Amino acid sequence: MDREALAGLLGLIFHYDSQGILASVESHVVLSRYAARDVLRHLALLLLEGTALDSERFKQIIAALKEGLDIRGRELFIPFGWRLRDEPARGVGSGDFALDEAANASFAVRVKPARERILEFCAALD
């Protein structure tokens with residue numbers, strides 16, 4: 001990974017701007033897809049349950065979304081995956097998903113946990 005790519009990734013970790021995210025053309029495209037808002041609404045409810053977001057919780061959320069929505073494949077993953085893919089230590093396949101762990105660490109700049117991010121995102125969405 002080059003320096004610019006690393007800087008971009010770290011920016012997404014340490015500087016979460018829901019209004020900036022929603023101002024992007026990519027966000028509008030994603031939110032216009034079939035069932036995108038339904039997936040986001042269910043995702044938000046699951047994140048608000050209070051359990052820290054780690055690899056195990058992420059798998060549970062995906063299973064709950066599959067069970068609770070009659071949506072599969074791209075329509076299920078695209079509406080929220082476009083933001084989650086940018087979170088720290090995301091190698092879902094490798095079992096590492098540490099957004100809330102990063103939020104609990106002692107960095108010079110605070111990392112917002114998933115619950116806080118989804119609240120900000122949903123507030124900016126309305």
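This is a predicted model: local features need pLDDT of at least 70, side-chain atom pairs count only at pLDDT 80 or more; totals for chains, interfaces and linings use all residues.
Visitor: Which way do F14 and F107 pair: stacked, tilted or edge-to-face?

Guide: The ring centres of F14 and F107 sit 5.0 Å apart. Their planes make an angle of 85°, so with the cut-off at over 60 degrees the pair is edge-to-face.

Visitor: How many residues apart in sequence are the parts that this pair ties together?

Guide: Helices (H or I, at least four residues) and strands (E, at least two) are DSSP runs, numbered from the N terminus. F14 belongs to helix α1 (residues 3–14), whereas F107 is in the loop between α7 (99–104) and α8 (114–125). The pair therefore links parts whose separation in sequence is 93 residues.

Visitor: Are F14 and F107 buried, partly exposed or exposed?

Guide: Buried means under 20% relative accessible area, exposed over 50%, and partly exposed in between (1.4 Å probe, protein chains only). F14 comes out at 27% and F107 at 42%. That makes F14 partly exposed, and F107 is also partly exposed.

Visitor: What is the C-alpha distance between V109 and I13?

Guide: V109 is in the loop between α7 and α8, and its 44% relative accessible area makes it partly exposed. Along the sequence, V109 and I13 are 96 residues apart. In space, C-alpha to C-alpha, they are separated by 9.8 Å.

Visitor: On to charges: how many salt bridges does a search of the whole structure find?

Guide: Side chains of opposite charge can pair when their charged atoms come close. Here a salt bridge is a side-chain nitrogen of Lys or Arg within 4 Å of a carboxyl oxygen of Asp or Glu. One of them joins K112 and E120, with closest N and O atoms 2.9 Å apart. The search of the whole structure gives a total of 4.

Visitor: Which helix holds both D38 and R41?

Guide: D38 and R41 form a salt bridge with their closest N and O atoms 2.6 Å apart. The two residues are 3 apart, about one turn of the helix. Both lie in α4 (residues 36–47).

Visitor: In the E49 and R57 bridge, is R57 buried or exposed?

Guide: The side chains of E49 and R57 meet at 2.9 Å, N to O. E49 is exposed at 54% relative accessibility. R57 has 8%, so it counts as buried.

Visitor: Which residues make the nonpolar surface patch of about 320 Å²?

Guide: Patches are made of residues with over 30% relative accessible area and no salt bridge: like charges are joined within 9 Å, nonpolar side chains (Val, Leu, Ile, Met, Phe, Trp, Tyr) within 5 Å. Accessible areas come from the Shrake-Rupley method with a 1.4 Å probe; for residues, only the protein chains shown count as cover. One member, in helix α1, is partly exposed at 37%. The patch is made by M1, L6 and L10.

Visitor: And how many helices and strands does the protein chain have?

Guide: Read along the sequence, the pattern is α-α-α-α-α-α-α-α. The tally is 8 helices and 0 strands.

Notes
Residues are numbered from 1 along each chain as its sequence is written. Side-chain values use heavy atoms; hydrogens and water are left out. Rings of Phe, Tyr and Trp (its six-membered ring) pair if their centres lie within 6.5 Å; planes under 30 degrees apart count as stacked, over 60 as edge-to-face and the rest as tilted.
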